[in-house]
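This report looks at one part of a structure.

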Amino acid sequence: MQVRTLMGAAALSAAAGIGLPSLAHAEVITLAPHERTIVTDDGWQVTLRLDDESWNRVAPTNRTGTSREGFGSLHAQVQVSGQGAPLDGAQVAVGYVIGCFVNLNSVNVGGSATIAPSGSLEPGFPVPVIPKGQIGGSIGPNVTASVSPGEIKTTPISAKTLEAAGTNLRVRETHMSIDSCLGPAEVRAYASLSIDSKAGKDSVVVYGDPFSI
């Protein structure tokens, strides 16, 4: 359900990022490795490891407090051993789970046209554009913002089919952005593996530590 709320100039300024602290320089977050081992029903031993994970947190290009931007790096490693039914295929994939506290859908200023920033959590573009002269300390109390509950989205980044018992998948400095997000935003990396054999299908997922962006 969409919620509409009346805000004064101070609240709107916060939504637009005016007066909010911003990162003047990049900040690199380094995260701990995680590993998991399973044995499939037909006897394969599979180890999935997520490591070399970091996030280069930067000030958003649009300089707006409702956007987040960064560059993520991670490495996934798979080891398959033991004896099981003949394999039909297997695939390792990596990506991010991204959550936002509140989505900012639109802003109306004094009966003017709606400013509708992008609500997408997809990596890349576009970024919200706010017309000049519509946001600032001089705006009167007649400001209406439309917000809705935050969302959690999974964003796949890369995948590879296993062609050997040991397989690696590395991502370096992939660009990610979140737009139209009010309040806290968190990210958690993941590595997943699906494995098919003549006897059945199995899967395993390893998650990294969550961190704020």
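## Basis

The model is predicted: local features need pLDDT of at least 70, side-chain atom pairs count only at pLDDT 80 or more, and totals for chains, interfaces and linings use all residues. Residues are numbered from 1 along each chain as its sequence is written, and side-chain values use heavy atoms, with hydrogens and water left out.

## Aromatic pairs

Two aromatic pairs are present in the structure. Rings of Phe, Tyr and Trp (its six-membered ring) pair if their centres lie within 6.5 Å; planes under 30 degrees apart count as stacked, over 60 as edge-to-face and the rest as tilted.

Trp-55 and Tyr-96 make an edge-to-face pair, because their planes stand at 85 degrees, with ring centres 5.5 Å apart. This pair joins distant parts of the chain: Trp-55 in strand 4 and Tyr-96 in strand 6 (residues 87-109), 41 residues apart. Strands here are DSSP runs (E, at least two residues), numbered from the N terminus. Tyr-96 counts as buried because its relative accessibility is 1%. Trp-55 has 1% relative accessibility, so Trp-55 counts as buried.

Trp-55 also pairs with Phe-211, and that pair is tilted: 5.5 Å centre to centre, 55 degrees between the planes. Phe-211 lies in strand 12 (residues 211-212) and Trp-55 in strand 4, so the pair ties together parts 156 residues apart in sequence. Trp-55, Tyr-96 and Phe-211 form one aromatic cluster.

## Glu-53

Glu-53 sits in strand 4 (residues 44-58). Glu-53 is buried but has no salt bridge (a side-chain nitrogen of Lys or Arg within 4 Å of a carboxyl oxygen of Asp or Glu). Arg-188 is the nearest side chain of opposite charge, 9.1 Å away. For charge, Lys and Arg count as positive and Asp and Glu as negative; His and the chain ends are not counted.

Beyond four places in sequence, the contacts of Glu-53 include Ile-29, Leu-31, Leu-74, Ala-189 and Phe-211. Contact means heavy atoms within 4.5 Å.

## Ala-189

Ala-189 belongs to strand 10 (residues 181-197). Ala-189 counts as buried because its relative accessibility is 0%.

Not counting residues up to four places away in sequence, Ala-189 touches Glu-53 and Tyr-96, among others. Leu-50, Leu-74 and Gly-208 are also among the residues that Ala-189 touches. Ala-189 and Leu-31 lie 158 residues apart in sequence and 9.9 Å apart in space, C-alpha to C-alpha.

Definitions and conventions
Helices (H or I, at least four residues) and strands (E, at least two) are DSSP runs, numbered from the N terminus. Buried means under 20% relative accessible area, exposed over 50%, partly exposed in between (1.4 Å probe, protein chains only).
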